[in-house]
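I opened the notebook to look up how two of the chains meet. The entries follow the order in which I checked things.

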Protein chains: 6
Amino acid sequence: MPTVRVTRRAHFCSAHRLFRDDWSDEQNREVFGDCSNPNWHGHNYVLDVTVEGPVDPETGFVMDLKQIKRAINERVIDDVDHRNLNLEVPWLEGTMASTENFAVAIWDRIASALPEGVRMHRVYLQETPNNSVEYMGPAAG
Amino acid sequence: MPTVRVTRRAHFCSAHRLFRDDWSDEQNREVFGDCSNPNWHGHNYVLDVTVEGPVDPETGFVMDLKQIKRAINERVIDDVDHRNLNLEVPWLEGTMASTENFAVAIWDRIASALPEGVRMHRVYLQETPNNSVEYMGPAAG
Amino acid sequence: MPTVRVTRRAHFCSAHRLFRDDWSDEQNREVFGDCSNPNWHGHNYVLDVTVEGPVDPETGFVMDLKQIKRAINERVIDDVDHRNLNLEVPWLEGTMASTENFAVAIWDRIASALPEGVRMHRVYLQETPNNSVEYMGPAAG
Amino acid sequence: MPTVRVTRRAHFCSAHRLFRDDWSDEQNREVFGDCSNPNWHGHNYVLDVTVEGPVDPETGFVMDLKQIKRAINERVIDDVDHRNLNLEVPWLEGTMASTENFAVAIWDRIASALPEGVRMHRVYLQETPNNSVEYMGPAAG
Amino acid sequence: MPTVRVTRRAHFCSAHRLFRDDWSDEQNREVFGDCSNPNWHGHNYVLDVTVEGPVDPETGFVMDLKQIKRAINERVIDDVDHRNLNLEVPWLEGTMASTENFAVAIWDRIASALPEGVRMHRVYLQETPNNSVEYMGPAAG
Amino acid sequence: MPTVRVTRRAHFCSAHRLFRDDWSDEQNREVFGDCSNPNWHGHNYVLDVTVEGPVDPETGFVMDLKQIKRAINERVIDDVDHRNLNLEVPWLEGTMASTENFAVAIWDRIASALPEGVRMHRVYLQETPNNSVEYMGPAAG
């Protein structure tokens, strides 16, 4: 049974800002630039979730894509689409709303929803066509 | 001298929401759905400005692209990138921050910066890969 | 009230073939080439529906995008996605399943669903990234 | 001599369906959904073949791209483009026509055509912009 | 018989520079900037040729796409792909190698190859993802 | 502190040719085909630089994207954009101007500009949408 990776892509639109409330406005502006704008800005995010596992000889699938799609929708998109990442997402509370931290949090949201025998491989999160991050999981450090 | 259209593309990221403060929250939610979220959301906008005019036989240009680029940057991007379209853009004040109204406002910002003999043809504004508008100017109605 | 065009994009996957049953296999092969393969082939179609109308001063909309989206889904996508265009789409029966005819048929499906004051402007249908058609309506001939 | 990966992209259009003939129609519909439609559906597939090897100091190449291109065309595209993956591709016979199995089969078709010193690294196969698989070879399990 | 537009896309890679030999190097640099670099630069051009005509009721085609493809290949791509636009293209001789002039010249190359009843509608030529031109023909001025 | 990869994308336009001056014109043409055209050709290159490191708990960043962007601009783009890769880039002198060698050279240009604790992961260089290379560094051989 060959091992194959399967990727499901999703899109969502959110507002956010980068800032620390234990820093002055000047310090935030110096480190985070325009991204710390107090009135927010936003992005069309692109999210790729990649899982890996053996191909089931009966179905030809690593896992049913409808299951990954449902996990992405129910555990990520429903919470973040048309939302403010700093104010409205319980599972991002207490972290800087950077793309890096966001990708790590998404990994944890999806990993626990996978069927037995299938493992997370990668979370790719694109903030703009020119800026993106990949998280390969806690074992990849 | 043939007439040719020239298009310059630009990108920016903004926050916005759709709502009327003379409507109740329920009414806003009913008409504008998730787009009226009080904590904002945002987009990676794609903007195409198309101008039209005769080709200058000396340069082979309709107009210098650096001029269009500068007009787009100074009159649009600098005001809206990493900004809140509802709160921080003087030339959008008093209008619904819909993509339609935004495109019309951009037309007016750029049209007055064109050299003689060159006219605006189209403002194309993409809010998401699936939603976009085109404005062809006041004479096109 | 400025006139603006609004475009909604949708995606679907279908099978089809190009052939005439009043022609021999050789004739079909000669005119339609690989596209007449008796065992079918298929595409990821991209559909852009563009409508035009005055901007409503109350909402900032030409029309509610949810309405266009619903019309596209209920009158086109639900009938063609993961379907065979030659065998399973009642409103394509009796016509060659060419991209040209398909675009014309889509126009008619959507046009009757538009609210008063909004008119169809264009149906753009992409069969592959290199092949696409546009239909501007019966008045544009 | 540094080791570099080289990727060649190709496109093709095919029809397929997901189903098992030892299952009832209801069972097929339940597991495979719309993808089991008896009248087929199809896709514009995107295929990336990535090979890896040392850079030849004389040519600056890992291998001649014309060779990869020819292998992809003669061993994959010619057999699948405008074809039915379930009915017309000898090297897919007896396997579920899933994207996973398809990618594994493509690996085997290309691997035997590589020059000495160059090895397959990855087959990436995109069925739709939102659904794709990667196969890294039998040693990667 | 409805009138439909059909677009065929092609890609090619060329070198060029913008300069006038009756101008000094300083003048060329001032007007054309980096684009006048004496050692050339180059682009991956994207070309869309759009034709318009009635749909043939027998084939469902405005015209056979293989014919447009052949005209684009034989009359444009073969002459410009992997070539220097200033030095090696007879039908660009004596004109500034601007995108505007290039698009106008391509129109003339293709228009004479169309079958009766089909007319050119548009030549779209993209030099970079951010810079493009459209030529609608001599009658559109 | 999780380890995350961050990618910054950049674009540039250059001219080049593939040839060896110790080979005859015939030999160059035979090995490199159209790519050895003596009058050059060119491309819109896409460059992705990916770095890897622990997420700084204070900023949520692996490193400040402005720093990567500056390194890419000052050490790569400024030297190659609108330039001739064979004639005008000191750090490519003496190597075949292949995409493979180019990617390796870019790795070395960027690696020395990274802050402590952050390492290069990948240089991806796309010459055309169908041809690209990845270099994973000297340790990846």
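Predicted model: local features only at pLDDT ≥ 70, side-chain atom pairs only at ≥ 80, totals over all residues.

**The A–D interface**

I began with the area: chain A and chain D bury about 1,700 Å² between them, 48% of it on carbon and sulfur atoms, where buried area is the accessible area (1.4 Å probe) that two parts lose on being put together, summed over both.

Residues are numbered from 1 along each chain as its sequence is written, chains are lettered from A in the order in which they are written, and side-chain values use heavy atoms, with hydrogens and water left out.

Next I listed the contact (heavy atoms within 4.5 Å), to which chain A gives 22 residues and chain D gives 19 residues.

I then looked for salt bridges (a side-chain nitrogen of Lys or Arg within 4 Å of a carboxyl oxygen of Asp or Glu) and found a count of 1 between chain A and chain D: Arg122(A) pairs with Glu134(D), the closest N and O atoms being 3.1 Å apart.

Last, I compared the copies, superposed by least squares on the C-alpha atoms of residues with pLDDT of at least 70 in both: a rotation of 120° with 0.0 Å of shift along its axis places chain A on chain D, with RMSD 0.0 Å. The two copies are therefore related as by a three-fold rotation axis.
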